[in-house]
Amino acid sequence: MNPSQLTPAKALEIARNSEDGSVPPSVTAVLERAIGELWQRIQAQPATYVMSKEEFVLFNYYRSRFANIPTAQHAIARFWNNFQGSSHEIDGGRPS
(Lines give C-alpha, C1' and ligand atoms only; values in the text may rest on other atoms or scores of the structure.)
Protein backbone atom coordinates (compact mmCIF):
# COMPACT_ATOMS: atom_id res chain seq x y z
CA MET A 1 0.00 0.00 0.00
CA ASN A 2 1.25 3.46 -0.92
CA PRO A 3 1.85 5.35 2.36
CA SER A 4 0.85 8.66 0.76
CA GLN A 5 -2.65 7.25 0.16
CA LEU A 6 -3.00 5.80 3.65
CA THR A 7 -5.34 7.81 5.88
CA PRO A 8 -5.09 7.67 9.67
CA ALA A 9 -8.49 5.94 9.81
CA LYS A 10 -7.38 3.24 7.35
CA ALA A 11 -4.03 2.85 9.13
CA LEU A 12 -5.86 2.40 12.43
CA GLU A 13 -8.11 -0.23 10.87
CA ILE A 14 -5.07 -2.12 9.55
CA ALA A 15 -3.29 -1.93 12.92
CA ARG A 16 -6.32 -3.16 14.84
CA ASN A 17 -6.91 -6.03 12.45
CA SER A 18 -3.34 -7.29 12.60
CA GLU A 19 -3.72 -10.88 13.74
CA ASP A 20 -0.16 -11.35 14.94
CA GLY A 21 0.29 -7.84 16.35
CA SER A 22 2.83 -6.83 13.75
CA VAL A 23 2.03 -3.55 12.03
CA PRO A 24 3.74 -2.55 8.79
CA PRO A 25 6.18 0.36 9.17
CA SER A 26 4.18 2.51 6.72
CA VAL A 27 1.07 2.08 8.89
CA THR A 28 2.99 2.88 12.06
CA ALA A 29 4.42 6.01 10.42
CA VAL A 30 0.96 7.29 9.49
CA LEU A 31 -0.39 6.61 12.98
CA GLU A 32 2.60 8.19 14.70
CA ARG A 33 2.32 11.31 12.57
CA ALA A 34 -1.44 11.55 13.25
CA ILE A 35 -1.14 11.07 17.02
CA GLY A 36 1.73 13.56 17.13
CA GLU A 37 -0.33 16.19 15.31
CA LEU A 38 -3.34 15.53 17.55
CA TRP A 39 -1.23 15.78 20.70
CA GLN A 40 0.16 19.12 19.47
CA ARG A 41 -3.39 20.44 19.01
CA ILE A 42 -4.34 19.30 22.51
CA GLN A 43 -1.23 20.86 24.03
CA ALA A 44 -1.84 24.13 22.16
CA GLN A 45 -5.29 24.38 23.79
CA PRO A 46 -4.95 22.24 26.93
CA ALA A 47 -8.06 23.55 28.66
CA THR A 48 -10.40 23.85 25.69
CA TYR A 49 -9.56 21.46 22.83
CA VAL A 50 -12.35 18.98 22.17
CA MET A 51 -11.45 15.96 20.07
CA SER A 52 -13.69 14.80 17.25
CA LYS A 53 -14.94 11.22 17.34
CA GLU A 54 -12.27 10.21 14.82
CA GLU A 55 -9.54 11.90 16.84
CA PHE A 56 -10.74 10.23 20.03
CA VAL A 57 -10.66 6.79 18.40
CA LEU A 58 -7.02 7.42 17.43
CA PHE A 59 -6.20 8.80 20.87
CA ASN A 60 -7.85 5.79 22.49
CA TYR A 61 -5.60 3.48 20.46
CA TYR A 62 -2.61 5.18 22.10
CA ARG A 63 -4.24 5.65 25.53
CA SER A 64 -1.48 3.82 27.44
CA ARG A 65 1.05 6.37 26.16
CA PHE A 66 -0.94 9.16 27.81
CA ALA A 67 -2.21 7.31 30.89
CA ASN A 68 -0.53 9.47 33.53
CA ILE A 69 -0.68 12.83 31.80
CA PRO A 70 -3.28 15.19 33.31
CA THR A 71 -3.66 17.18 30.06
CA ALA A 72 -4.61 13.96 28.28
CA GLN A 73 -7.06 12.93 30.99
CA HIS A 74 -8.74 16.35 30.82
CA ALA A 75 -8.95 16.06 27.01
CA ILE A 76 -10.63 12.66 27.36
CA ALA A 77 -13.10 14.05 29.90
CA ARG A 78 -13.91 16.99 27.59
CA PHE A 79 -14.52 14.58 24.73
CA TRP A 80 -17.04 12.58 26.75
CA ASN A 81 -18.66 15.72 28.16
CA ASN A 82 -19.23 17.01 24.62
CA PHE A 83 -19.89 13.77 22.73
CA GLN A 84 -23.30 13.55 21.12
CA GLY A 85 -24.06 9.93 20.34
CA SER A 86 -23.85 6.44 21.69
CA SER A 87 -20.72 5.28 23.47
CA HIS A 88 -21.04 2.10 21.40
CA GLU A 89 -19.95 4.17 18.39
CA ILE A 90 -16.55 4.50 20.06
CA ASP A 91 -14.25 1.47 20.31
CA GLY A 92 -14.07 0.42 23.91
CA GLY A 93 -17.15 2.38 24.96
CA ARG A 94 -17.19 4.91 27.73
CA PRO A 95 -14.93 4.09 30.68
CA SER A 96 -16.75 3.20 33.88
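This is a predicted model: local features need pLDDT of at least 70, side-chain atom pairs count only at pLDDT 80 or more; totals for chains, interfaces and linings use all residues.
**The chain as a whole**

- The protein chain has four helices and zero strands, in the order α-α-α-α from the N terminus on. Helices (H or I, at least four residues) and strands (E, at least two) are DSSP runs, numbered from the N terminus.
- Of its 96 residues, 32% count as buried; buried stands for under 20% relative accessible area, exposed for over 50%, and partly exposed for what lies in between (1.4 Å probe, protein chains only).
- The protein chain has an accessible surface of about 6100 Å², and carbon and sulfur atoms hold 50% of that. Such areas come from the Shrake-Rupley method with a 1.4 Å probe, and for residues only the protein chains shown count as cover.
- Among contacts in the protein chain with a separation of 6 or more, 48% join residues 24 or more positions apart. A contact here is heavy atoms within 4.5 Å.

**Helix α3 with helix α4**

- Helix α3 spans residues 53-61 and helix α4 spans residues 70-82; they pack at an angle of about 140°, with their axes 11 Å apart. Axes are lines fitted to C-alpha atoms, for helices over the stretch in contact, and angles run from 0 to 180 degrees between N-to-C directions.
- That angle makes α3 oblique to α4. Under 35 degrees counts as roughly parallel, over 145 as roughly antiparallel, 65 to 115 as roughly perpendicular, and the rest as oblique.
- On the α3 side the contact is made by K53, F56 and F59, and on the α4 side by A72, I76, F79 and W80.
- Sorted by class, this contact has six nonpolar, no polar and one charged residues. Ala, Val, Leu, Ile, Met, Phe, Trp, Tyr, Cys and Pro count as nonpolar, Asp, Glu, Lys and Arg as charged, and the others, Gly among them, as polar.

**Helix α1 and its partners**

- Helix α1 (residues 8-16) and helix α2 (residues 25-44) have axes that come within 9 Å and cross at roughly 125°, which makes α1 oblique to α2.
- The crossing of α1 and α2 is left-handed. Here P8, A11, L12, I14 and A15 of α1 meet V27, V30, L31 and A34 of α2, giving nine nonpolar, no polar and no charged residues.
- With α3, the axis of α1 comes within 11 Å and crosses at roughly 35°, and this crossing is left-handed.
- L12, A15 and R16 of α1 and V57, L58 and Y61 of α3 make that contact, with five nonpolar, no polar and one charged residues.

**Two residues to look at**

- E55 sits in helix α3 and counts as buried because its relative accessibility is 14%.
- Apart from neighbours within four places in sequence, E55 is in contact with L38, R41, Y49 and V50.
- N81 has its place in helix α4 and counts as exposed because its relative accessibility is 60%.
- N81 and V50 lie 31 residues apart in sequence, and their C-alpha atoms are 9.3 Å apart in space.

How values were computed: Residues are numbered from 1 along each chain as its sequence is written. Side-chain values use heavy atoms; hydrogens and water are left out. A crossing is left-handed if the near helix is turned anticlockwise from the far one by less than a right angle, and right-handed if clockwise.
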